[in-house]
Amino acid sequence: MGIAEERAVRVSMASVLAVVTVFSLIPGGVLSDTRGTQGVEAQQLAQGSTHLHRRLKRGWIWKQLFVPEEDPTPRVIGQLKTDYDRGELSIKYILSGEGAGDAFEIDEYSGEIWALKKLDREEKAFYVLRAQAINRRSNEPEEPESEFIIKVQDINDNAPQFQNEPYVSSIPEMCPTGTTVAQVTATDADDPMFGNNAKLIYSVLQGEPYFSVEPKTGTIVTSWPNMDREAREQYLVVVQVEDMLGLGGGYSASTTVTVSLTDVNDNGPTFQHHLYTFSVPENAPVGTAVGRIMARDGDTGINARMTYSLEDLEESSTFIIETDPVTQEGLVLLAKPLDYETKRRFVMAAEAVNDHVDTRFLPLDEFRDRTTLKIMVEDVDEPPVFLSAPHEWKIHENAAVGTVVGSVDARDTDAVDNPVRYSIDKRSDAAKAFRIDPNNGTITVAKALDRETDDWHNVTVEARETTLNHLSSSAVVFVKVLDINDNVPQLARDYRPFICEGTQAGELIQLLGVVDPDDPVGGHHFYFSMVSEEHINPNFTIRDNQDNTAGIVARRSSFTRRDRTHYLLPVVVTDSGSPPLSSTSTLTISVCSCQPAGHCPTGGVEALALSMGVSMRTLLGLLVCLVTLAALSLLMLAVRRHRRKQRGGSQVEAKDLELPETVSQKVLYYGEAAGGGRRADRDFRRPAVPLRRHPRRRERRLRREDVRASIRMSLRESHLIGPDDDVFRQFILDRLAEADQDAHAPPFDCLRTYAYEGAGSPTGSLSSLESFALELEPEQPVCSPRPFVVKLTPWCGGGEEDTIF
């Protein structure tokens with residue numbers, strides 16, 4: 001069997017070949033017009049024209065094409081044919097466009113169009129293709145290229161799907177039947193214009209009898225009246241959607257809608273108990289939480305809010321109640337102090353009322369509820385209580401020791417009524433000015449009072465029980481010290497008045513003020529006067545200004561320093577107290593040579609000069625002379641010191657030891673002169689042999705400080721014990737032992753003499769200790785073969801060369 005026959009068989013097996021329609025592809029042309037076109041074409045050939053002009057009118061003969069989706073079997077879906085096709089196979093058909101060669105192909109001889117693969121309408125609903133008919137001999141198109149459409153025919157191959165999932169909705173409880181809950185929406189990808197493939201219908205699978213759904217729109221409504229949130233708060237409604245109008249062979253899908261019931265105020269508050277009992281100690285402070293009560297309300301949120309109130313049957317207002325905004329509990333608080341001995345039990349009514357009511361669901365009275373509260377007061381051992389307060393007393397500052405100031409009274413208010421003892425807090429009465437009777441609380445003066453020192457005393461009195469608990473309380477006693485006239489008035493300051501030469505009679509010299517530590521009730525009033533004398537003061541008088549001040553006024557004129565430089569004026573000041581006190585102050589009034597502006601130089605050089613009666617020029621001249629003499633004296637001392645230094649450079653000076661002035665020792669070198677004679681010159685000379693010359697002599701002897709201390713000690717003791725005492729004898733032996741043990745000591749023909757001459761010796765000391773020669777001589781010890789004679793005059797006469805230790 002050939003390919004053409006096989007395709008013909010497949011075409012005969014096609015399930016759908018609908019209406020066959022003939023389309024005119026060229027405007028204005030119909031099937032009958034083809035004859036005229038053939039005549040024109042023949043005439044052109046007869047004339048020998050080598051160019052084939054375009055036909056003016058031609059026509060396609062083909063069927064409208066459909067292809068079912070999801071069919072994988074290759075099949076003929078239609079045929080294209082031009083009216084010039086005479087069955088001679090001279091025409092070649094060509095297909096191009098969407099899906100050409102892939103999804104579709106054309107038989108180039110017959111024009112049959114084949115579907116080659118499975119198509120999906122939801123992916124592509126139609127294909128636009130182009131067809132050509134070409135003459136095989138001339139290879140020229142018999143017809144112009146033309147477009148046609150192959151539609152994909154829909155089948156029910158898609159299930160419906162819900163949009164905007166998940167679905168959540170809420171409605172108020174107790175809502176009427178038919179209340180809209182939500183609307184669900186489903187879509188189907190199939191062609192809604194072809195059959196019932198995309199026609200949907202809704203139904204409820206779960207949720208009846210409370211809810212129902214509109215079959216065509218998917219709107220869910222309530223179908224049960226008075227649904228109560230307190231019974232059930234949430235519902236799950238399952239809605240199903242089917243295509244094909246729910247007929248058999250279709251697809252379906254389902255979704256779940258969560259429906260919540262919102263609260264409305266359809267419940268009132270209700271107390272769980274008809275009586276609540278609490279207890280509170282009597283010493284509980286104000287504001288103490290006594291207890292909590294709560295009324296249950298099945299509603300939530302704003303519908304469950306309530307306010308508590310107390311109806312005090314005894315109208316004592318001892319307790320109040322507040323609403324806790326978080327827990328909606330009623331908090332009972334103490335509003336006033338309690339006293340077990342006065343009242344031991346309180347009974348009152350508590351009421352809870354909803355803040356927001358809705359009379360659509362309940363009558364107004366059902367939005368409130370009442371209960372009873374009973375509060376018991378517990379007894380507590382309390383400290384004593386002062387019966388009267390505050391305590392404020394007054395006492396004069398001259399009150400005698402032991403005077404009663406006042407008394408305090410405290411009682412134990414408990415049923416036992418324990419005895420109470422009183423005391424004063426030492427911190428409040430550091431001066432110990434008062435004492436209190438520990439048994440009856442009477443306060444008396446313990447020491448003299450002084451208003452000028454402390455005019456108020458704040459004393460803390462403590463009352464303490466004598467029981468084991470020793471509970472106590474305290475109260476402050478205020479004692480005001482009243483003033484008496486016990487201070488004399490004094491002038492306000494140390495006045496130093498002066499009067500200028502040439503002051504006229506009646507002029508004010510000094511204004512006086514007065515101070516008095518006392519504080520009389522009517523205020524101070526002072527009186528000024530002069531000391532009573534046999535004769536009236538001819539120089540000054542005192543004028544009382546009647547305002548606690550007075551002025552000193554000159555009684556005469558022509559005050560001069562030549563006559564008198566100072567005047568003494570006693571002033572008497574008297575207060576107005578009872579009894580009146582007075583004081584006398586003597587003022588020294590100086591006569592001054594005032595400057596033109598009235599200023600009196602009262603200090604410095606100028607005042608000194610005026611007091612001495614000399615002029616400033618004379619005083620300045622004296623000062624210059626004194627300075628000149630002082631400068632000359634300093635110059636002479638410097639010259640004299642310079643000369644002493646020059647003389648001291650040519651002589652050997654011995655160092656001073658710190659010995660008493662009454663004791664003096666010196667060491668001499670003496671011996672016979674060569675040839676039995678003495679040298680003519682007996683001047684002092686430097687010793688030829690030093691006592692210590694070796695470089696290591698410091699290691700062989702005591703330190704200089706030790707020697708000095710030893711000598712001073714010996715000499716101090718020698719003033720008391722004499723030259724024959726063991727102390728002085730030991731000193732000589734120590735020096736001898738030192739000389740014997742020193743390998744570098746002078747030769748044996750050199751003599752070292754120690755002598756004690758006692759206190760008050762006119763010749764002074766002969767000791768050679770601390771001699772200047774001990775440190776300055778660097779030569780080796782050599783004994784002079786010709787000893788020189790030492791002049792003794794210096795020791796006897798006490799000249800400048802004497803060295804006193």
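Tutor: The protein has nine helices and 43 strands, where helices (H or I, at least four residues) and strands (E, at least two) are DSSP runs, numbered from the N terminus. This is a predicted model, in which local features need pLDDT of at least 70, side-chain atom pairs count only at pLDDT 80 or more, and totals for chains, interfaces and linings use all residues. Residues are numbered from 1 along each chain as its sequence is written, and side-chain values use heavy atoms, with hydrogens and water left out.

Now to your sheet. Four strands make up this open sheet, in the order β19-β26-β25-β22, and their pairing is mixed. Pairing here means that DSSP finds at least two bridges between two strands. At the edges lie β19 (275-281) and β22 (306-312), each of which pairs on one side only. On average, neighbouring strands of this sheet are turned by 30° against each other, direction ignored; the axes are lines fitted to C-alpha atoms, for helices over the stretch in contact, and angles run from 0 to 180 degrees between N-to-C directions.

β22 pairs with strand β25 (residues 345-354) in the antiparallel sense, over seven bridges.

For the wider setting, residues 24 or more positions apart account for 68% of the protein's contacts with a separation of 6 or more, a contact being heavy atoms within 4.5 Å. Of the 805 residues of the protein, 35% count as buried, that is, under 20% relative accessible area, with exposed over 50% and partly exposed in between (1.4 Å probe, protein chains only).
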